[in-house]
Amino acid sequence: MVTDEILTIKLDMITFTALGAFLLIASNVIIKKFPFFMKYSIPSPVIGGFMFSIIMWLAYQFNIVEFSFDNTLYDLSMYIFFVTIGLMTGVKLLVSGGKILLLYMVICWGLAFVQNGVSTGLSYILDIEPLVAMMAGQASMQGGHGMAASLAPLIESFGFDQALNVGLAASTFGLIAGSVLGGPIGNWLIQRNKLKIETDHVDLDTLTDTAENEKEDKITAQQCIVTGAVILTILAIGMPTAKWISEITGFTIPGHIFSLFIGVLFHSFNERKLVINISRKTVALVSGISLEMFLVMAMMKLKLWELYELALPLTIILITQVVVTILVAVFIVYRALGKNYDAAVMSAGFIGHGLGATPNGLVVMDAICNKYGLFSRKAFIIIPIAGTVLTDIVGVPLFVFLANIFGS
């Protein structure tokens, strides 16, 4: 159809999803041909979706065509991803990590408060809406593209349509900043403090045993059916319950976020007394597929032209986030985790994870370990566990709480 002299093409849910899948395939080819994307751990959904959003932007600028989308499968992919986070998170995992994991997690949770404080605090100085500024905080920094895209609908429900655009732009900035700065900061800590290039294995035995047990875990058709049934049951309970609670209390709780915590409760109970045998590898596979699909579709929906007015204040907020995260890494993470080689490597990983995503943390840590010829086993166990499943337990409810406070 034609609206205001611009042809508008609506992609139905099948076409939208199929195009997203095609862009994922094309992105993987691009990553293999251009080492830059691999070096900075830029995920394929971001590459493919961003290419499409640039084409959309050019088409819009020249009044050629504008796209709209049926979000049915986009939303479902997002909902499934959130439940899988819950199904991979349990109290047992946090306890088994011992002191070092707990310390790292407490710092990450503290960073969530700081990053949200930076974004909302600067919003008043820069004269932009706090709810919009929140999308350049913890949700996009620690959370990355996936969390930003997942939490944007909550902000949009308060009437701010720029939320997704701001969140994805902030996540892209953080992804590159974390990848570029993490390694040099970790190297600087090692050089400045003249650290011995040695590592220890404290507090790792239980986590290592768990990882070894998971190697025997197999993905089967039956496990896929069981996992799907559990996920859909949790959503069937969580979505209407969250809506009911929101109506009763006036406190907006998105259904997929509420379902995440039902997943956590179910997983923790199932760990203590096995009710349903769920393959962790199968959950991880479903989580990865749903994340990539909804993320590439989220990037496709990015409207670059809506970022013009926010460009300067958004840049100021993001640069401040980078500075604050580096200061936390240098003065808190490094000291709290032992002021040794492992601590320096984890501080670098913290910057990659705290500004971008867990894979970025792994990339910068790998660069440091390769340079000094010593693998930090502790860092490569703690960072993925913390960054993949545990940071969201505090970050997500904090975001929802603040959104309701500023949106009321």
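Let's start with I319, which is partly exposed because its relative accessible area is 45%, between the limits for buried (under 20%) and exposed (over 50%), using a 1.4 Å probe and protein chains only. I319 sits in helix α14; helices here are DSSP runs of H or I with at least four residues, strands are E runs of at least two, and both are numbered from the N terminus.

The model you are viewing is predicted, so local features need pLDDT of at least 70 and side-chain atom pairs count only at pLDDT 80 or more, while totals for chains, interfaces and linings use all residues. Residues are numbered from 1 along each chain as its sequence is written, and side-chain values use heavy atoms, leaving out hydrogens and water.

The predictor's per-residue confidence, pLDDT, runs from 0 to 100. The chain averages 85, with 91% of the residues scoring at least 70. Helix α14 (residues 311–336) has the highest confidence, at 94, and strand β1 (residues 2–3) the lowest, at a mean of 44.

Now look inside. The largest nonpolar core has 114 residues, and Y74, M135, I155 and F399 are among those with the most contacts within it. Such a core is a set of buried Ala, Val, Leu, Ile, Met, Phe, Trp, Tyr and Cys residues joined through side-chain atoms within 4.5 Å. Another core, of 11 residues including V83 and L235, lies apart from it.

Finally, turn to helix α9 (residues 163–192), which holds N165. N165 counts as buried because its relative accessibility is 3%. Leaving aside residues up to four places away in sequence, N165 touches K301, L302, K303, E306 and L307, where contact means heavy atoms within 4.5 Å.
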